[in-house]
Amino acid sequence: MNDMSGGNYTTADGRKIGNTLMEMKNITLRFGGVVAIKDISFDIHEGEIRAIIGPNGAGKSSMLNVVSGFYNPQEGEVWFRGKKRPPMKPYQVAQQGIARTFQNIALFEGMSVLDNIMTGRLTHMKSGMFAQALWLGKAEREETQNREVVEKIIDFLEIQTIRKTPVGRLPYGLKKRVELARALAAEPKLLLLDEPMAGMNVEEKEDMSRFILDVNDEFGTTIALIEHDMGVVMDLSDRVVVMDYGKKIGDGTPDEVRNNQEVIDAYLGVAHD
Amino acid sequence: MFYREAGDFSTTYPQDSQTFPIKFDRYRYYVVLAIAFLVLPFVMNDYWANAVFVPFLIYSIAAIGLNILTGYCGQVSLGTGGFMAVGAYSCYKLMTAFPEVSILIHVMLAGGITAAVVTLFGLPSLRIKGFYLAVATLAAQFFLVWLFNKVPWFYNYSASGQISAPERSVFGIVVTGPNTEAWAKYLVCLIFVTICAVIARNLTRGTIGRTWMAIRDMDIAAEIIGVNPLKAKLTAFMVSGFFVGIAGALFFAVYLGAAEVGESFGIDKSFLVLFMIIIGGLGSIFGSFAGAAFMVLLPVLLKNIFVGGLGWPTDLAAHLNFIVAGGLIIMFLILEPHGLAQLWRLAKEKLRLWPFPH
């Protein structure tokens, strides 16, 4: 394996990984007296699939929330695309090109699948209120152009048949897929997936894994994901961060992480004598 | 048989996302418009205009306005009466201050002023939600009624404390004041309703509508995909205020002719419009019309049955009216919580398959 700390490298399956897209520097996040994340640093490279794993309560979701702007850490710096990011609201983070899905699906239940995914295009919509009120020129053109992009994503994720179904009526697995579609519709530079396979059966997991790999492959989207299914994580990801009790205990390729003694201890427990 | 998508192929995205995807619906829409504009004005008389059509049309605008705020954006408002009063009083002040300007422009400006005021009262929505926001808008209702009672400048220091609409005409046709013809009142309201409904439909099917609905359905997820909650909520308050203000201005200038704020724009107005959108269907433009029609027509219908048909005394009929209307509202909410718009959708689903069972 090449040196991964600084620059580009090539993965085992021959994909070229680019420069650093996002870098977290010495992040510490506290809720009152509870330290959720303690002095964690890691980076995400362009084109990479990066996983964050760890036992329950390790601070993985908190970490993702820091990246997506829900929490502002008390200490540390977030660097995105070569610039230090000031404290931001989540919608500003979205406008910078970071999209995410949620552990518990967060779709708009009252809207159709199509409308949900169209909402994901929001950061690409520029027409003003008056143009929209009269449905003239720019507003209509923009709607059609964005619809074309959305239809490509619908094709890609194979959800054509449920296009106009209200999301509330869909089964769990499809909802997960629609949520992925909505995040993809933003054409994000960085896609965050919070437990994309939670609660799925084996086939659904296989489908979802295939979609994640295809997204990375076809659109070149950088992906950071949290997942509990070790088999999936080790197969999908290029590099893995392991967290436990808010601290980083391992970072490297799946093989390196698998053989890391601290990681084994965290997952299997350690003998106290 | 005739109500089918079959054979009606959309080959472009604009075609696919049009308001009435089924051909029959499109023709029905044009027929309704043609009758409303070309037939009804010629057969309109005072009774039909004052009892049915003018209040129905004006309440439809108010219901569309509230539906945008509550049905589409999920922000409950109990201040509709007060906001209508803002429209009415600003229209009155504009009419008396600038008599040479067209009343149509005054009504639009009244909508704009109301939009600004409602946006101001919408600011707390960034911090509070649900019932608590409803209480905040209730405060707006009481404050506005108090303000228009207390400050004589708003009613031009008139002795009675009332405002009354001076006579104004559009293209030589009198549209406000006591000498207005029934058809003129009707036509003015119809034009405003048509424009408002088209604008509302365009806004709700596009980007802005989706941001509103995203905020309504899940505000956290909305924010994560780039919806600025401040902007989304305040635009909903603003657009809603614009429609409600127009409704208030027309209600005073065209329908009532003279108004006293506590009586015409009290809390009962707020509830009336809220009932309209709940019965009609939250988050539906058609529902706003259906709800307004239901709440306006039902008392007229019951009165005709009780007094005209059965010959009962008017006071008894008036009281029975409350009981029956209340009972029907409760029954509706139990049978179809999503309102008349949902019933309409179900009927259309059935009609699409008819005469086959599925």
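This passage walks through the domains, sheets and chain contacts of the structure, then a few individual residues.

The model is predicted, so local features are taken at pLDDT of at least 70 and side-chain atom pairs count only at pLDDT 80 or more, while totals for chains, interfaces and linings use all residues. Residues are numbered from 1 along each chain as its sequence is written, and chains are lettered from A and ligands numbered from 1 in the order in which they are written.

Helices (H or I, at least four residues) and strands (E, at least two) are DSSP runs, numbered from the N terminus.

Between them, 11 residues of domain 1 of chain A are in contact with nine residues of domain 2 of chain A, contact being C-beta atoms, placed from the backbone, within 7 Å. On the domain 1 side, the elements that give two or more residues are α2 and α7 (202–219) of chain A, and α7(A) gives the most, with four residues. By class, this side of domain 1 of chain A has eight nonpolar residues, two polar and one charged. Here Ala, Val, Leu, Ile, Met, Phe, Trp, Tyr, Cys and Pro count as nonpolar, Asp, Glu, Lys and Arg as charged, and the others, Gly among them, as polar.

Now for the sheets of chain A. One is an open sheet of four strands in the order β4-β3-β6-β7 (chain A), with antiparallel pairing; two strands pair if DSSP finds at least two bridges between them. Its edge strands are β4 (34–45) and β7 (83–84) of chain A, each of which pairs on one side only. Strand β3 (residues 20–31) of chain A runs antiparallel to β4(A) over eight bridges, and Met24(A) stands opposite Phe42(A) in β4(A). Helix α1 (residues 60–67) of chain A packs on this sheet, touching β3 and β4 of chain A, and its direction makes about 60° with that of β4(A). Axes are lines fitted to C-alpha atoms, for helices over the stretch in contact, and angles run from 0 to 180 degrees between N-to-C directions.

The other open sheet has six strands in the order β8-β9-β10-β5-β11-β12 (chain A), and its pairing is mixed. At the edges stand β8 and β12 (247–252) of chain A, each with a single partner strand, so one side of each has no neighbour in the sheet. The twist averages 15° from one strand to the next. β8(A) pairs in the parallel sense with strand β9 (residues 190–194) of chain A over four bridges, and Thr101(A) stands opposite Leu193(A) in β9(A). Helix α6 (residues 172–185) of chain A packs on the sheet, touching β8 and β9 of chain A; its direction makes about 175° with that of β8(A).

As for the chain contacts, 33 residues of chain A are in contact with 25 residues of chain B. On the chain A side, two or more residues each come from α2 (90–96), β8 (98–101), α3 (113–120), α4 (129–134) and α5 (137–156) of chain A. The most come from α5(A), with six residues. By class, that side of chain A has 17 nonpolar, eight polar and eight charged residues.

A few residues deserve a mention. Most residues other than glycine have a negative phi. Asn26(A), found in strand β3 of chain A, has a positive phi of about 50° although it is not a glycine. Asn26(A) is exposed, with 12 other C-beta atoms within 10 Å; the cut-offs are 20 or more such atoms for buried, 12 or fewer for exposed, and partly exposed in between, with C-beta atoms placed from the backbone. Tyr157(B) also has a positive phi, near 55°, and lies in the loop between α6 (130–150) and β1 (163–164) of chain B. With 8 C-beta neighbours inside 10 Å, Tyr157(B) counts as exposed. Ile278(B), in helix α12 (residues 267–280) of chain B, counts as buried, with 21 C-beta neighbours inside 10 Å. The C-alpha atoms of Ile278(B) and Asn67(B) are separated by 8.9 Å, although the two are 211 residues apart along the chain.

How values were computed: Contact = placed C-beta atoms within 7 Å.
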